[in-house]
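Student: I'd like to go through this model with you, a bit at a time. Could we begin with a charged residue and work outwards from there?

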Amino acid sequence: MQHIRTTNAANRLDRLPITKFHKRTILAVAFAYFFEFADINTFAITAPVVREQWGADVDHVAYVTSLSFVGMFVGAVVAGGLADRLGRRRTLTLTTLWFTVWSFACVFAWDIWSLGLFRVLTSAGLSAMTVVAVVYISELFPSAKRGKFQAYAIVVGICGTPVTNLIASAVVPMSDWSWRLVYLWGSLGALFLFLVRRLEESPLWLESRGRHEEAEATLARVEAHAVAEHGPLPEPQQPKPRGPVVKPGLGMLKDKKFLYPTILLSVLWITQTIGFFGYSSWAPTLLAAEGVSVEDSIFYVALTTVGAPLGSFLAAMVTDRFERKWCLVVFGLVIAASGLLYGLTFTPVLIVVFGFLVNLFERGYTALAYAYAPELYGTEGRSLGTSIAYGLGRLSNAVGPLMIAGVYNGVGYQAVFMVIAGTWTLGALVLAVFGPATRRRRLAAEAAAQARPRSVTTP
């Protein structure tokens, strides 16, 4: 345990209006998100072609898919530790470069095993970038507004998936080798390097590492932007005395204040991952297996994905206005009901309607969770705790597909969607009973900032 002094970074950031600095930051992160969402489905898109060219079978594809989720777990946990050691901004840059370099390597894969290895390494970077970006936004934006902007970043980012699907549909049929262009497209996330130079390091992280002069300099630059655009700022709320804090690292697992939210968020991400990927990965396959033509099943599922960006936008509208915990509970229960009804009907219109609702509320749920998760930790444990919970969620999907297949083969089609609905319901109930509320703290910080006199100078 150690006592640390403070530069009052949290209160100084909380009383800032949204400025060009914040907008520039969110656009840069949204750019990284865009290529994360663009890259995450590239193997699924190209798998049918490479299977035919290299004589691979379905088991090979399943192994690559499962190992990719193991890679996501490792990447998330490693990135959490690196972000605590090296900083949020630097780790965000390194993880984005990591996934784009290995996506570029996929262009030159020579068999299913080399492609599989490159995809596992790419997946590790994708997951790593996500958890660092979530923490980075949480620490740079005012607490009363961070949820909305977290969701806005995902609204932009999620467009990477349909854009990539359109590009793939155009380039893959061109020739025997043109599927490689899909991975070349995914590697363009490296252009993030041109944006990162204008980003600031998290003052909260600098403060937590005892680098008070750098934190002060960063805060002064951010505050100068706000004064130039909006005039004098309110005086920040005075920092509350802080007790002893735990040194960042795995030793924090002994601290109940760290362990409790990590267990809670692990349940959140495990149920979200199994519930979402169980639905999205299997819906077209199971529809086809139940007699719906392959063309129709793919078309129905494609129509339902229109709800995804709308769901992130819906989350942006509610995330800072209501208690995030209860928004997550409501969204989770709606997904459970919609997913169950999806599995109980074979009417095309209802398949599209219920599938649309699943995609809409699931992407809204994810945006809400990205804002909620970092709020449950102090600065010292935020990166590691978020990464462990998120990583365990991704790791769970290494066995999720096997579980879904077992349920389908053993019990039947409708039972799959009952299990998926039960998974979402379990997550919602755990959050309802054990999830801490965070809105009161955000409102208190906002009210304190508005009530204080305005001054160009800061303490």
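Tutor: Let us begin with Arg 12, which is buried, with a relative accessible area of 1%. Please keep in mind throughout that this is a predicted model.

Student: Which residues does Arg 12 form salt bridges with, then?

Tutor: One partner is Glu 223, whose side chain meets that of Arg 12 in a salt bridge with an N to O distance of 2.9 Å. Since Arg 12 lies in helix H1 and Glu 223 in helix H12, the pair ties together parts that are 211 residues apart in sequence. Another partner is Glu 216, and in that salt bridge the closest N and O atoms are 2.9 Å apart. This pair also links distant parts of the chain, 204 residues apart, with Arg 12 in helix H1 (residues 9-14) and Glu 216 in helix H12 (residues 212-230).

Student: Glu 223 first: buried or exposed?

Tutor: Glu 223 counts as buried, at 5% relative accessibility, whereas Glu 216 counts as partly exposed, at 31%.

Student: And what are these residues linked in?

Tutor: Arg 12, Glu 216 and Glu 223 belong, together with Arg 15, to a network of salt bridges. As background, side chains of opposite charge can pair when their charged atoms come close.

Student: How many salt bridges does the structure hold?

Tutor: The structure holds 13 salt bridges. One of them is between the side chains of Glu 214 and Arg 211, at 2.8 Å from N to O; here Glu 214 is partly exposed, with a relative accessible area of 39%, and Arg 211 is partly exposed as well, at 31%.

Student: Back to the segment before H1: what's there?

Tutor: Asn 8 lies in that segment, and its phi is near 60°, which is a positive value in a residue other than glycine. Asn 8 is buried, with a relative accessible area of 9%.

Student: New topic. What does the largest nonpolar core look like?

Tutor: The largest nonpolar core has 96 residues, and those with the most contacts inside it are Tyr 33, Leu 265 and Trp 269. Helix H17 (residues 348-375) gives the largest share of this core, with 12 residues. Apart from it lies another core, of 19 residues, which includes Val 50, Val 61, Phe 118 and Tyr 183.

Student: What is Tyr 33 in contact with, leaving aside its neighbours in sequence?

Tutor: Beyond the neighbours within four places in sequence, the contacts of Tyr 33 include Met 129, Thr 130, Ala 133, Val 134 and Ile 137, and also Gln 150, Ala 153, Ile 154, Gly 157 and Tyr 370.

Student: Now the surface. Which residues form a nonpolar patch there?

Tutor: The patch is formed by Tyr 63, Leu 67, Val 70, Val 74, Val 78, Leu 82 and Trp 113, which together have about 640 Å² of accessible area. Helix H4 (residues 58-86) supplies the largest share of this patch, 6 residues. Val 78, for instance, has its place in helix H4 and is partly exposed, with a relative accessible area of 46%.

Student: And the protein overall: how many helices and strands?

Tutor: There are 21 helices and 2 strands in the protein. Of its 459 residues, 56% are buried, and the accessible surface comes to about 19200 Å², with 68% of that belonging to carbon and sulfur atoms. Among contacts with a separation of 6 or more, 86% are between residues 24 or more positions apart.

How values were computed:
Residues numbered from 1 in each chain as written. Predicted model: local features only at pLDDT ≥ 70, side-chain atom pairs only at ≥ 80, totals over all residues. Heavy atoms only, no water. Core = buried A, V, L, I, M, F, W, Y, C linked by side-chain atoms within 4.5 Å. Buried < 20%, exposed > 50% of the residue type's maximum accessible area, 1.4 Å probe, protein only. Helix = DSSP H or I, 4+ residues; strand = E, 2+ residues; numbered from the N terminus. Contact = heavy atoms within 4.5 Å. Areas by Shrake-Rupley, 256 points an atom, 1.4 Å probe, with all protein chains shown as cover. Salt bridge = Lys/Arg side-chain N within 4 Å of Asp/Glu carboxyl O. Patch = residues over 30% accessible without salt bridge, like charges linked within 9 Å, V, L, I, M, F, W, Y side chains within 5 Å.
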